[in-house]
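This briefing covers pockets, a helix pair and a sheet, in that order. Please read it with the structure open.

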Amino acid sequence: MAEIEERMEKTISSLKDSFNSIRTGRANAAIFDKVRVDYYGTKSPLNQVATIAIPEARSVIITPFDKSLIGEIEKAIQASDLGLNPSNDGKVIRVSIPALTAERRQELVKQAKTTAENSRTAIRNIRRDGNDDLKKQQKNGELTEDGLKTETDKLQKLTDKYIDEINKIYDAKEKDILQN
């Protein structure tokens, strides 16, 4: 059971990471988590080659540790699928976060819904694996018929708990995306 719960926790953690990379109308440093910068031949995460500051709700200032990386960072942001246009003044890169159109908000909600459904499916697959293990244990005589029923019920309650958590996380993200 502990292993199954750990796998379900990892699924929730993965969902949160995925949702962090879906941008809303407000600036958020987490949207740059998947941006990789060519740093002397190695693709490095943006947050390892620069500091990311949010001075106001719709702007981001990126200050590279090594000023020679400004062009590479700018290229990496443009190449990402974030739809942002960075500009630099030779020292820092400024990125203004445009307001989302209603159409784009709907696309992002759809993307979030798909991600949440994939996480629900992953939780159900973990439950199926757990049920299979329990049936094997009963077959091998390690578990009685009543023990199997009890453990299956516990597994179902655990599954329901994590599905509810996914739904709450999705609802919060949807509300965040749809907010102006």
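The second largest pocket is lined by Met1, Glu3, Ile4, Arg7, Asp129, Gly130, Asp133, Leu134, Gln137, Glu151 and Leu155. The model is predicted: local features need pLDDT of at least 70, side-chain atom pairs count only at pLDDT 80 or more, and totals for chains, interfaces and linings use all residues. Residues are numbered from 1 along each chain as its sequence is written, and side-chain values use heavy atoms, with hydrogens and water left out.

**Second largest pocket**
- A pocket here is an open set of points on a 1 Å grid over the protein atoms alone, where a 1.4 Å probe fits, with protein on both sides within 12 Å along at least five of seven lines; lining residues have an atom within 4 Å of a point.
- Helix H1 (2-20), H4 and helix H5 (145-178) each give two or more residues to the lining of the second largest pocket; helices are DSSP runs of H or I with at least four residues, strands are runs of E with at least two, and both are numbered from the N terminus.
- H4 supplies the largest share of this lining, five residues.
- The lining of the second largest pocket divides into four nonpolar, two polar and five charged residues (nonpolar: Ala, Val, Leu, Ile, Met, Phe, Trp, Tyr, Cys and Pro; charged: Asp, Glu, Lys and Arg; polar: the others, Gly among them).

**Largest pocket**
- Helix H4 (residues 102-139) also gives the most to the lining of the largest pocket, with four residues.
- By class, the lining of the largest pocket has five nonpolar, five polar and four charged residues.

**H1 against H4**
- The axes of H1 and H4 come within 10 Å and cross at roughly 170° (axes are lines fitted to C-alpha atoms, for helices over the stretch in contact, and angles run from 0 to 180 degrees between N-to-C directions).
- H1 is therefore roughly antiparallel to H4, a term for angles over 145 degrees.
- Contact (heavy atoms within 4.5 Å) involves residues including Ile4, Arg7 and Met8 of H1 and Ile126, Arg127, Asp129 and Gly130 of H4.
- The residues of this contact divide into nine nonpolar, five polar and three charged.

**Sheet**
- Four strands form an open sheet in the order S3-S4-S6-S5, with antiparallel pairing; two strands pair if DSSP finds at least two bridges between them.
- Strand S3 (50-56) and strand S5 (86-88) stand at the edges with a single partner strand each, so one side of each is left without a neighbour in the sheet.
- S3 and strand S4 (residues 59-64) pair over five bridges, and Ile52 has Ile62 in S4 as its bridge partner.

Methods. Angles under 35 degrees count as roughly parallel, over 145 as roughly antiparallel, 65 to 115 as roughly perpendicular and the rest as oblique.
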